[in-house]
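Here is a short tour in questions and answers. Have the sequence and the 3D view open as you read.

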Amino acid sequence: MEHDRQNPAFYALLVALIFMAVGPIFLMFVNSFKLDVDIIGGTSGLLFLPTIQNYETALCDILWYEPDHIDFCSLKFGGAFINSLIIALISTFLTLVIGCMAAYALVRFRFMGRDTASLTTLMVRMVPPAVLLVPVFGLWNNEFCLDRDGLIGGWIRDTFGGRGDVCLAGTHSGIILVYVAMNLPFVIWILQSFIVQVPRSLEEAARVDGAGPFQVFFRVVLPLIKPGLAAAAIFTFRIAWNEYLLASALSDRNTKTVPILIVNNMSEFNVEWGVIMATGMLLAIPPIIFTLFASRQIITGMTAGAVKG
Amino acid sequence: MFTFENVYKIMNLGSAVESMPKIRLDKLIKRYGAVQVLHGIDLEMDEDEFTVLVGPSGCGKSTTLRMIAGLESVSDGEIYINDKPVSHLEPKDRGLAMVFQDYALYPHMDVARNISFALRLQKRPKAEIDAKVREVAATVGLSEFLHRKPGALSGGQRQRVAMARALAKDSDIFLFDEPLSNLDAKLRGQMRAELGVMRQNVHKNMIYVTHDQIEAMTLADRIVVMHGGYIQQQGKPEELFKRPANKFVAGFLGSPPMNFLDAELKSDGDQLFAAGDGFKLAVPSELAATLGETAGAVTLGIRPSDLNYDPDAADDVALDLRVTVSEYIGAQSVLMCACGGASVTVELKSETPIALGETLRFAVRPEGIHLFDRKTEKAL
């Protein structure tokens, strides 16, 4: 009965929360179509002449034509965008592949140190990424290097060019490696809870039917934990896509990701608000597409389940 | 120990004895840590025999089956299939099919893919797989449901899919782990009958685990009653029913269960009597002859079906029972009665209303008298 009529204050609170959540995005969207003059000039409100100039500036390095308002394309958004995609997709993929196998092993196999391993994954998750920054920066720059006179190092140097030894710092691999390490504990943890729910008798049935351990895993367990994989994928992709701190230290000019690019676009003398808003909007698109894609797996996975009626 | 049989075993030539059992369990032992749950199971199953392992929960019957399947490791002893030791083999290399209690259907595959899973793993030609799936589905009456997911099937249909999946494998040995226990009573009866029919047509070794003695009695060629990790008795159903080896088997098989009364064996002239609180029954001479000099404290066992209402029966072949509870179940009434301090269940095929507290006289069929040693609980 009490649910029939809500306190007006409840609705007011809802509206306030919605405004707080959607407001900034809306503001960003509107401002991305304004000229800097309009944004800073305080001609607030919705009365302005929309322009795609900001988007043209942001995408200048991959546009097929040369926009009139820029003489020199200084912003390499396209390149950064591709870097972000490479790093986020590959690190997500690797995290899932390693994560689901590790989770399966932790749930189903008995081996020495299993409980310790399980607990450690969760504890590692609690370590803030910033703690990793300094040691990883040092290791990537100085330790994990291949001698440029060495066989493999020399080959890489010859093929890709550059100076000095071949180090992980400044490469896609270096960043991907850190992201995989950073996201793996959570993915293992979330997938464990999904694998526990797969009835053991299914795996036993598959074994009696003639499946080896890998066939049991790939043909029976993996299809059943698809919703978990999708959830983990969304989570991992989002983190890898948004990550700023580690990428800012470990990337170089050619491997920087979009978040780095956006921040770098703010100089001491000139903050190009319009372009920042436009890049922000562009930055938001891939995770949305990825989430829509992956969440469909979650829904079909949920309806396909139901082992017992 | 050096014997010729061991030499044959080592050389993997099979034993010298003719007509070898299909499956043989040799002193099978299972331990979980310090707890031993199976204490040396010796069992032989002949070609094409339907063996039912039956017993209360925790008696080790499922563990035994899972060890044969290869899903549980063997702590000690050995399992032989066609006289080859298999306890070190993976389940897939033992050539058997299994039906699980919760069906264990793959929820992400439709019925056809569930049935064909084993065949697809064997990489059989597609045409052959399709033909086999259709054939097996027709056998169990699933032809219309081939493209449904298990989630969209009823309990009985899922049960059939599980059967079909086992049948499709063409194994020589079928294992059933309480396959009917998830069904409701009516469906269970129906599926039990269907299993019986399937049994007539499929001449394979089948091992069936259940806690339901009716399933055991109706389906089995050989019943193995287990309790506490030991085999209590094995043999043909009627053998176990008529001549239970001990009090446990006697009480476990049959419904309603056998009545047990404490009694003393007393000789009176030539006749041996089993006397207790409120009764004195003559022991039939054939039974008395086998007893020898073991007079003393015994447990008298009488099945409800061996007690017939007969007001004119003589004192030494009858029990006087005072009705305490009457359960009318249609064709007959089940009466709980008191005989002295003990409680006795009888069946009464009568429409006559029974007054509680009434004392009725029941004649005991002479072959219905079972005597057990009160200490060892072994049949005398």
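Q: How far apart do the C-alpha centres of domain 1 and domain 2 of chain B lie?
A: This is a predicted model. In it, chain B is divided into domain 1 (4-95 + 171-252) and domain 2 (259-373). The C-alpha centres of these two domains of chain B are separated by 35 Å.

Q: How many residues of domain 2 of chain B are in contact with domain 1 of chain B?
A: On the domain 1 side of chain B, the touching residues are two nonpolar, one polar and one charged. These four residues of domain 1 meet residues of domain 2, and the number on the domain 2 side is five.

Q: Which residues of chain A does M98(B) touch, not counting residues up to four places away in sequence?
A: M98(B) has partners in both chains. In chain B they are A69(B), A166(B), L175(B) and D177(B). In chain A they are A205(A) and V208(A).

Q: Which helix gives the most to the side of chain A that touches chain B?
A: The contact takes 20 residues from chain A and 20 residues from chain B. The chain A side divides into eleven nonpolar, five polar and four charged residues. Both α9 (200-208) and α10 (213-224) of chain A supply at least two residues of that side. The top contribution is six residues, from α9(A).

Q: Does T92(A) count as buried or exposed?
A: T92(A) sits in helix α4 (residues 77-108) of chain A. A residue with 20 or more other C-beta atoms within 10 Å is buried. T92(A) has 27 C-beta neighbours inside 10 Å, so T92(A) counts as buried.

Q: Which residues is T92(A) in contact with, leaving aside its neighbours within four places in sequence?
A: I298(A) is 206 residues from T92(A) in sequence and 17 Å away in space, C-alpha to C-alpha. Contact requires C-beta atoms within 7 Å. The contacts of T92(A) are A233(A), T236(A), F237(A) and A240(A).

Technical notes
Residues are numbered from 1 along each chain as its sequence is written. Chains are lettered from A and ligands numbered from 1 in the order in which they are written. This is a predicted model: local features need pLDDT of at least 70, side-chain atom pairs count only at pLDDT 80 or more; totals for chains, interfaces and linings use all residues. Domain bounds come from an automatic or database domain assignment. Two residues are in contact if their C-beta atoms, placed from the backbone, lie within 7 Å. Ala, Val, Leu, Ile, Met, Phe, Trp, Tyr, Cys and Pro count as nonpolar, Asp, Glu, Lys and Arg as charged, and the others, Gly among them, as polar. Helices (H or I, at least four residues) and strands (E, at least two) are DSSP runs, numbered from the N terminus. A residue is buried if 20 or more other C-beta atoms lie within 10 Å of its own, exposed if 12 or fewer, and partly exposed in between; C-beta atoms are placed from the backbone.
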